[in-house]
Structures are given as structure tokens and as C-alpha cells.
Amino acid sequence: MKPRIHRAWLVAAVAFVALVGAAAFRAAPSVLILPLQEEFGWSTADISLAVTVNLVLFGLTAPFAAALIQRLGLRWVTTGALLLVSAGAAATVGMTARWQLVLCWGVLVGLGTGSMALVFAASVADRWFVARRGLVVGILTAGSATGQLVFLPPVAALAESQGWRVASLAVSACALAVVPLVVLFLRDRPEDVGLTRYGTDEPSPERSTSTGAVRSAFGGLALGVRSGTFWLLVGGFAICGASSNGLIGTHLVPAAHDHGLPTTAAASLLAMIGIFDIVGTIASGWLTDRYDPRLLLLVYYGLRGASLLLLPALMPSLGHGVGPTMLLFIVFYGLDWVATVPPTVALCRQAFGDRAPVVFGWVFASHQLGAALMATGAGWIRDTFGTYTPAWYAAGALCLLAATLSVGVGRGRGAATLKGKDLSPVVATAS
């Protein structure tokens, strides 16, 4: 007899917890900037460099992690990633120089979280679901993004009361605590436990494990660069990363502090964004199953751009506390935080079929490169001009550009066709 609740939902639940655990340390940068400045005298740009390295590796690791998942499976790649995140977080407590911050916070945690990026969510949805894929991607994306933000208040409180080292160790423990759940419950395919994917009685397609992860990852890139859809998604997603993780996720707390808001209260603003992100991203997944993903992206980017253009007018009011207009911005921005992910994954699946997770890995890499550039650029703007205002305006204008790019995304016709041409030989050669 089939279980009343399909095992796929248990796998999705464990994946959700794993993504939250991996995201925990990624909450630390924005609330540890000030403590690190006070102890070591490092500038905002110095600390932002470590964030930049983290974001770059977080993105560039994604396509290789997707290929490695195809070869080794979900469980062992996820376990290794969580252990790497935990080790990197714990190692920061002994650092005394900026290069050590870059190594621990940037390299180790960047590689670990990159292996647990949104390609992991796409892989879980692809391997375990046929029906409700958009919804599942939305739920898992919410776990990844919300984990970064919901952890901010306790991390900030620990950093203020016990010091930033205790906060880092606590985050390391959170990532480590998820490992047993992954080992016990996460499985690579439904056939491993005698089931089929949710929504079908057909067996999962056979996946080749003979191709190395590096070769498979570059094969996905070779397929993607020949597609106009790929480049439009890359451009839009790079702007998405710049305007979310790179700017708001990294610099909203110090920017609010510039206007007189205490760090803990500022961290609570990001936590609120995370709470509303759960609603917005899951709703986006539900909408993606029903409506044109291109139109959804047009709306999401357009509204995000408009809100960022209004932010400079709202920031000065923080000196008197968080007023209704700022709360409205936080709610709105939270609903739109990573709502772009489910429609972007859906467009990749339409265009590239079974190769979509690896191709999406490269699209996601652009997201993190955009975030990295903005994290460093906004830090430089703050150090140079004494304000973040030019960064808010630049990000808002870029989001309006992303909305325009989204309209031009074509409807794919499968991984093996592009503009009427058969690409099967290209895929075979690249792989």
C-alpha cells in the first residue's frame, strides 16, 4: 500500500530544514560588520570583501554542485556541504587578520553554502516531484532565503551580549545539528524507497553518472550560452542578486544604524523581511504553476525597483523609530524578496529540460556575482560618500531594467531544441 502522505513531502521537509541550517551563517555578515569594525578597526569595504568572496563562491559552486548531485546523490553532497559550513563558521573564532576572515567567512562558508544553493532546491523538486514542482521550489527557496533573515535577531543579540565569537559558534552548531536529519531521511530518488515521483506512476528517467561533475557542469554552460533565454535570465537574475543579497541583505542593517536605529532593531527589520518572504515565495511557486513565468518576473522586478527608488525618502525617519511607511516597505519587500526564483526555475525547465538544474546553476551563479558586485560597490559608496543613497537609486533602476529583460524571455521548447535547431549533438559533445 502507498503511504497516505507521499515520501516526497518528507524529503522536501528535510531539504527545507537543511537549507535553513546552511543559511544560518549567511545571516551573520550584516550584523557582525559593526562588532568586527570595533574590535579590529576594519573598514566596511574590508569586511565587504569577505562577503564578496562568499557570494562569488556561493554562486560559482552552484553548477558544479548540481553536477556533483547527479553523480553522488543528494544526501552525501548535502551532508558534506553542511559540515563545511559548520567548520567555516567555527574557524572564525580564532581569526586575527583580514585574510583569515576571507578564508573562513568567504572561502569555506562560500563553498559550503554554494553546494546548498537554490540548485539543491531545483534538484529536489526535479527528482521527487512531477506535480507541484513550482510550489515545492517556492517552499524550499523560502527556507533558504528566510533562514538568512530570521536568524538575524538572535545572532545580533548574541553578538551584543556575548560577543561575535559566541554568535559564530552558535551558528556553526545550527548547521551541524541538521546533518543527522539529512543522513537519516534524505534519499536520492523515490525508487530508492520503492516509490515513484509525486504526481506520476512512471519511473524516474535514468541519469548518467559516468560524466565527471566538472565536465557535466561545463556541458550545461555550453548548452546555455547558445540560448537567448539563458542570457536574458542571467541578466535579470544578476540584478535580482544585486538588489537582494548584495544590497539589502548585506547593508540594510548598517544603513539603518547610520540613521540612528540600534543594530538589534535593524536586524529585526531583515527578520521581518524573512517572515513575509515565506508567504511571497510560496505564493510565487503556486502562481508559477498556473501563470506565465515571464509576466510574473515583469511584475516582481518592476515592483521591487519602484520600492528601492522610494527607500532613500524613508530611511531618515528611522532616527525616530520604525514608522508605518518603513513597515510597509519591509512587508512589501519581504513578499518580493526571492519570489523571482520559482518562475526563473520554470523558464529554465521549459528551455533546457532534464539539463535544467545544471543550467540553472549557471543562472544562479550570475545572481551571486551580481550580489557580490553590489556588496562591494555599496560598501565603497558608503565609505566614499558617507551615505548609501546612490546605491538605493542604482539598484532601483537596475530592477526596472530586469523587468524589461523578463518580457523578452522566450518560451523554450525543450533541452534539445533552440530556435528550431536540433541541439542534441551539442549536448552530447558538451557532456
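Student: At roughly what angle do the axes of helix α12 (residues 228-258) and helix α18 (residues 389-407) cross?

Tutor: This is a predicted model, in which local features need pLDDT of at least 70, side-chain atom pairs count only at pLDDT 80 or more, and totals for chains, interfaces and linings use all residues. Residues are numbered from 1 along each chain as its sequence is written, and side-chain values use heavy atoms, leaving out hydrogens and water. Axes are lines fitted to C-alpha atoms, for helices over the stretch in contact, with angles from 0 to 180 degrees between N-to-C directions. The axes of α12 and α18 come within 9 Å, and their crossing angle is roughly 155 degrees.

Student: Is α12 roughly parallel or roughly antiparallel to α18?

Tutor: Angles under 35 degrees count as roughly parallel, over 145 as roughly antiparallel, 65 to 115 as roughly perpendicular and the rest as oblique. The axes cross at roughly 155 degrees, which makes the pair roughly antiparallel.

Student: How many residues in the contact of α12 with α18 are charged?

Tutor: Contact means heavy atoms within 4.5 Å; here α12 contributes residues including Gly 235, Gly 236 and Ile 239, and α18 contributes residues including Trp 392, Cys 399 and Leu 405. Ala, Val, Leu, Ile, Met, Phe, Trp, Tyr, Cys and Pro count as nonpolar, Asp, Glu, Lys and Arg as charged, and the others, Gly among them, as polar. The contact has 13 nonpolar and three polar residues; the charged ones number none.

Student: Which handedness has the crossing of α12 and α13 (residues 263-288), left or right?

Tutor: The axes of these two helices come within 8 Å and cross at roughly 145 degrees. A crossing is left-handed if the near helix is turned anticlockwise from the far one by less than a right angle, and right-handed if clockwise. α12 passes α18 in a left-handed crossing, whereas its crossing with α13 is right-handed.

Student: What is the phi of Arg 132 near?

Tutor: Most residues other than glycine have a negative phi. Arg 132 lies in the loop between α6 and α7 (133-150) and is partly exposed because its relative accessibility is 42%. Its phi is positive, near 65 degrees.

Student: How far apart in space are Arg 382 and His 251, C-alpha to C-alpha?

Tutor: Arg 382 belongs to helix α17 (residues 356-385) and, at 23% relative accessibility, counts as partly exposed. In sequence, Arg 382 and His 251 are 131 residues apart; in space, 9.5 Å.

Student: How many helices and strands does the protein have?

Tutor: Helices (H or I, at least four residues) and strands (E, at least two) are DSSP runs, numbered from the N terminus. Of the 431 residues, 56% count as buried. The secondary structure comes to 19 helices and two strands.

Terms used. Buried means under 20% relative accessible area, exposed over 50%, partly exposed in between (1.4 Å probe, protein chains only).
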